Amino acid sequence: MITALRGMKDIIDDGNLYKYIVQTCESVASNYGYKFIETPKLEATNLFRRSVGESSDIVGKEMYQFSDKGGNDVCLRPEGTAGVVRAFIEAKFDRAGGVRRYFYHGSMFRYERPQKGRLREFHQFGIECFGEKSVYEDASVILIGAEILSRLGIKTKLKINSLGDSECMPKYKAKLVEFLQTTDGLCEDCKRRISTNPIRVLDCKNEHCQLLLKNAPLITNNLNEACEHDFSTLQEILKQNGLEFEVDAKLVRGLDYYSKTAFEFISDEIGSQSAVLGGGRYDKLVEYLGGRPTFGVGFALGIERLMEIISQRKSEEKRDGIYLCVLDEKYLDSAYLLSAKIRKNHLVEINYEAKNLAKHLKTADSQNRKIFLCIGEDEFKNGEIWYKNLENKDEKKVKIENLEGVLSE
Ligand code: HAM
């Protein structure tokens, strides 16, 4: 049998949940002025080298990279931001100026070791805002994330940090490197990172390394005045908007393009793969990729990680929709005509199989339907339908002409 590749998953039985998550994301982002953008899944490898960064794990170890038939070095996108920035520059919007906001969703590919919450092909919903310098936009981006997660009923912790800018970050890095070079006992990964990407040492998962890093210098104590000002303003705005957060000076993110704001929403419901949403500001990225200097800020969330959390509590899911059925095939035509009528206003699932009431009720229950409608001999003769609300257990016979009124109660 030919099976799906390791780390790749069909969305086969929970397609509605996938759609529901995307619709929720789109609805929140649209209210903030974001518009849909779609970019190719295959891009030139250099795009990710230059943006996500040579020293990141994503580029260093995890890319689905190959030569196409024309000998071009190409790569399945490991994330969405780089492609959106490329499209923005290619459309010359960096020259046009003004503020533009985009949202997207779709497959991303990272050749990681698969485990719960970690796939090789996964789906993200992301937003990117270009041309806005104000830290209020950073706050809005975070508020969009918080609103999406709250609408989906997902409890998370918000962690924020500032990664400084091109003035204070290099000075901080130099201090950190000095500290790391005089620290004995770091793991091999950390030792390697001292020269390639020293700030990534800060989020090493090794407990011993974390102990050694206890007295490491922190970026939050080394910000210049402008970064310090924006970071404290951001915290003020979040507080005013009732959003709880924790400042985590060791939050560095796995992509190299961030400056100033960086943030993650963390859930404790999916084991060690705990980040459900991450993002930040990337004011240098448009320039790095050959465009005119343009401010940028955004985030992406992992759709499968949210699906995982939501399906874990499926039993608590609210009942929804109508289950319509018949006790004998003779009544199927009437039921079918009726379904077309009530479907104008309601979700209706019709079961074509004639079986007894108990079996139908069992199926309706397993499908988490709220309303059960059934046509049997008596109902058929009297122009009625048997109605049961599976939530509050109310049951009665209803005249067909009164059905819409009862359903809309
Ligand atoms: P990221 O933190 O690499 O950021 O990914 C965002 C989210 O994608 C993660 O929080 C996680 O939920 C999900 N995710 C990442 N890797 C996997 C995986 N292997 N399997 C399942 N889910 C995964 C970015 O990608 C940035 N482009 C976000 C951004 C947009 N920053 C600014 N704008």
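## Interface of domain 1 and domain 2

Between domain 1 and domain 2 an area of about 1,400 Å² is buried, and carbon and sulfur atoms give 56% of that area. On the side of domain 1, the residues that lose the most area to domain 2 are A249, K250 and V252, which together account for 40% of what that side buries. The structure discussed here is a predicted model.

The domain assignment divides the protein chain into three parts, of which domain 1 is written as two segments, as set out below.

| Domain | Residues |
|---|---|
| domain 1 | 15-166 + 237-314 |
| domain 2 | 168-223 |
| domain 3 | 318-407 |

Taken over C-alpha atoms, the centres of domain 1 and domain 2 lie 25 Å apart, and the contact between these two domains draws on 16 residues from domain 1 and 18 residues from domain 2.

Turning to the polar side of this interface, five residue pairs are in polar contact between domain 1 and domain 2, both residues of each pair being at pLDDT 80 or more. One salt bridge is found across the interface of the two domains. A salt bridge is formed by R193 with D57, whose closest N and O atoms are 3.1 Å apart; D57 belongs to domain 1 and R193 to domain 2 by the assigned bounds.

Within the side of domain 1 that touches domain 2, helix 3 (57-61) and strand 7 (157-162) each supply at least two residues. By class, that side of domain 1 comprises four nonpolar, six polar and six charged residues.

How values were computed: Residues are numbered from 1 along each chain as its sequence is written. This is a predicted model: local features need pLDDT of at least 70, side-chain atom pairs count only at pLDDT 80 or more; totals for chains, interfaces and linings use all residues. Side-chain values use heavy atoms; hydrogens and water are left out. Domain bounds come from an automatic or database domain assignment. Contact means heavy atoms within 4.5 Å. Buried area is the accessible area (1.4 Å probe) that two parts lose on being put together, summed over both. A salt bridge is a side-chain nitrogen of Lys or Arg within 4 Å of a carboxyl oxygen of Asp or Glu. A polar contact is a pair of N or O atoms within 3.5 Å; within protein, one must be able to donate a hydrogen and the other to accept it, and residues adjacent in sequence count only if both atoms are side-chain atoms. Helices (H or I, at least four residues) and strands (E, at least two) are DSSP runs, numbered from the N terminus. Ala, Val, Leu, Ile, Met, Phe, Trp, Tyr, Cys and Pro count as nonpolar, Asp, Glu, Lys and Arg as charged, and the others, Gly among them, as polar.
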